[in-house]
Amino acid sequence: MKKTYKCKLTLKTELCPGIWDYVVDAPEIAKEAKIGQFLHIACGGGTLLRRPISICDVGERFVRFAFQVKGEGTKLLAKYEVGDEIDIMGPLGNGFKTTPGEKAVVIGGGIGVFPILRLARETDSAVFLGFRSKELVVMEDDYNEANKNVTICTDDGSYGYDGFAIAAMGEYLLENKVDVIYCCGPKPMLKAVKQIAEYRKIPCQLSLEERMGCGIGACLTCVCETKNEGMAKYKQVCTCGPVFDAKEVVL
């Protein structure tokens, strides 16, 4: 069983309506955290289940995570104030596997941009971030500070590249050779990126977004289908993922 920690909230920012950016004092978690892992957070208010939230960034003492208010748990989590202690288990799951010197593409959509900030900073990569509209663009300054080759895309063309991030990535791949693609986002984006990677024979890693119960492999709430047979056909995202080789999963 992973340890739980009482982590003091040191910074709270609303990135856009309903999306919160938290920084907590958590040196033990920060020391262990790998890119793509997640936290299992007790939201308080009598809620029974913890909520899985991806790690956005870490420092020597801090851990940063961002989340969108979607249900009762995240609504309660959004009520914490600076100075409050948050009960956090982590880091959990398997993250992205990177190789020094590789040329990469990092692509994310919506709240899927949060777990890949460290990838943008720590890899030699071109970064493509997709949002529905200009009003929903978040963390642009963070990404521009982390990486010199960032393309912001909006579905409605109200800001940056006019169109889906997948289209912008496709144009980039026509003229640039890359060794790997890393992706986190909604399932339609994951599916499209997987298809492009397979067509171009580029290794690809996907971070899956699934509802979780226990977060430690004791339940079967978060299973995903894989190409394996028999008992190994369905794997738990919390313990086997959330990051998978794109060739392994069925989307």
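**Close-up views of a predicted model**

**View 1. The whole chain and its surface.** Residues are numbered from 1 along each chain as its sequence is written, and side-chain values use heavy atoms, leaving out hydrogens and water. Of the 251 residues, 50% count as buried (under 20% relative accessible area, 1.4 Å probe, protein chains only). You will find 7 helices and 15 strands here (DSSP runs: H or I of at least four residues for helices, E of at least two for strands, numbered from the N terminus).

**View 2. The open sheet.** Follow 7 strands in the order β10-β9-β8-β7-β11-β12-β15, with mixed pairing (strands pair if DSSP finds at least two bridges between them). β10 (161–162) and β15 (243–245) stand at the edges with a single partner strand each, so one side of each has no neighbour in the sheet.

**View 3. Strands β7 and β8.** β7 (residues 103–109) and β8 (residues 124–131) run parallel, joined by 7 bridges. Look for Ile107, which stands opposite Phe128 in β8.

**View 4. Helices on the sheet.** Helix α5 (residues 165–175) packs on the sheet, touching β7, β8, β9 (150–154), β10 and β11 (180–184) (contact means heavy atoms within 4.5 Å). Helix α6 (residues 187–200) also packs on the sheet, touching β7, β11 and β12 (204–207).

Conventions
This is a predicted model: local features need pLDDT of at least 70, side-chain atom pairs count only at pLDDT 80 or more; totals for chains, interfaces and linings use all residues. Axes are lines fitted to C-alpha atoms, for helices over the stretch in contact, and angles run from 0 to 180 degrees between N-to-C directions.
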